[in-house]
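Visitor: I am new to reading protein models, and I would like to learn how charged side chains pair up. Could you take me through some examples, step by step?

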Amino acid sequence: MAHDKQHTARARHRSGTSIRRALRREATSTVALLVDPEDFAAMRRYRTFTFDDHAAYLRQAEGLLRTLAAQGTHTTVALFDPEDYAEFCAEEGIDPDDRTSRSRFTAEVAAVGATVAYAGQAIDTLIPLLVSRAVRRATWEYATMLLADLGDCADCGQDIGRAAFDRASHLLARLLDTAGPGTHHIVCSTPTENEQLLAVLHTTRDPDGPARLASTEGAEFATVLAVGVALERRGGVVLRTTAPGAPDRVHGWRLQRGSLLPLTAGEVFSAYCTDADTGDPVSPEPGVEYCAGFDLGADEPEAHR
């Protein structure tokens, strides 16, 4: 009888261990990285942050990511910002010099911040992706704040930011519809009082279907374009299209009074072949055609007709 009880207990222990292992495989993980040496140095003021070499820290982080991937764990990588971390700890009333506090902050960043899914990338490849994603996220949040602060139109009572976003989304849809098949790289530049906002969009369109567009990237692009529409700033949009067996084509538009007006081929060439910082001419790229922007029409979104 005692033997049977021991056997049953061992079986239950093995079953419990098996379940926990299965649950571990189902659990996701987030690793927050200090990608900048200055940020790394700022964290060294905390006694519980025991790393002392940034390059070694990144190598160990890459090893951890590989280990998690080998275990079948889906891992996302986030950006760890020391200033945001200090603010988070102050708001939550927790000690910043505590490992648990860093874990809580990492979970917060994973929920609301910019992240990149780890898919075996080398750390030198992963870091630029993460920084780019964080910059895009910050730009989107800033542009969204600008639109939200505009309030309602004094004449018609319409939400100015919402109307501008609808208009920008309509312009983007018309641009993608008219661009035709190929791989499209689109850049929108919108000046504000404090900085130049940039949005970048990549999309591919087959000859027989619509453009394939991630909803988040489309919203980011439309939001930056909407700032220019709402503030009536002289922004611009450039489209570069790559298609098999043909040279790349570059088209351009200026944003003026809520519309994208086509640039001439000469204006596109001048914009692409001039150094933005110095004004000096830059040699044109071989195998690239600089083309006039095409007409996107002057109609309005359906909701505002």
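**Salt bridges in the model**

Guide: The side chains of E220 and R136 meet in a salt bridge, with 2.7 Å from N to O; a salt bridge here is a side-chain nitrogen of Lys or Arg within 4 Å of a carboxyl oxygen of Asp or Glu. This is a predicted model, in which local features need pLDDT of at least 70 and side-chain atom pairs count only at pLDDT 80 or more, while totals for chains, interfaces and linings use all residues. Residues are numbered from 1 along each chain as its sequence is written, and side-chain values use heavy atoms, with hydrogens and water left out.

Visitor: How many salt bridges does this rule give?

Guide: Side chains of opposite charge can pair when their charged atoms come close. Counted by the rule above, the salt bridges come to eight.

Visitor: Is E220 buried or exposed?

Guide: Buried means under 20% relative accessible area, exposed means over 50%, and partly exposed lies in between (1.4 Å probe, protein chains only). E220 has a relative accessibility of 9%, so E220 counts as buried.

Visitor: Which residue forms a salt bridge with R162?

Guide: R162 itself is partly exposed, with a relative accessible area of 49%. In its salt bridge the closest N and O atoms are 3.5 Å apart, and the partner is D166.

Visitor: Which residues are linked with R240 in a network of salt bridges?

Guide: R240 is buried at 17% relative accessibility, and its side chain meets that of D248 in a salt bridge of 3.0 Å, N to O. The network of salt bridges links R240 with D248 and E285.
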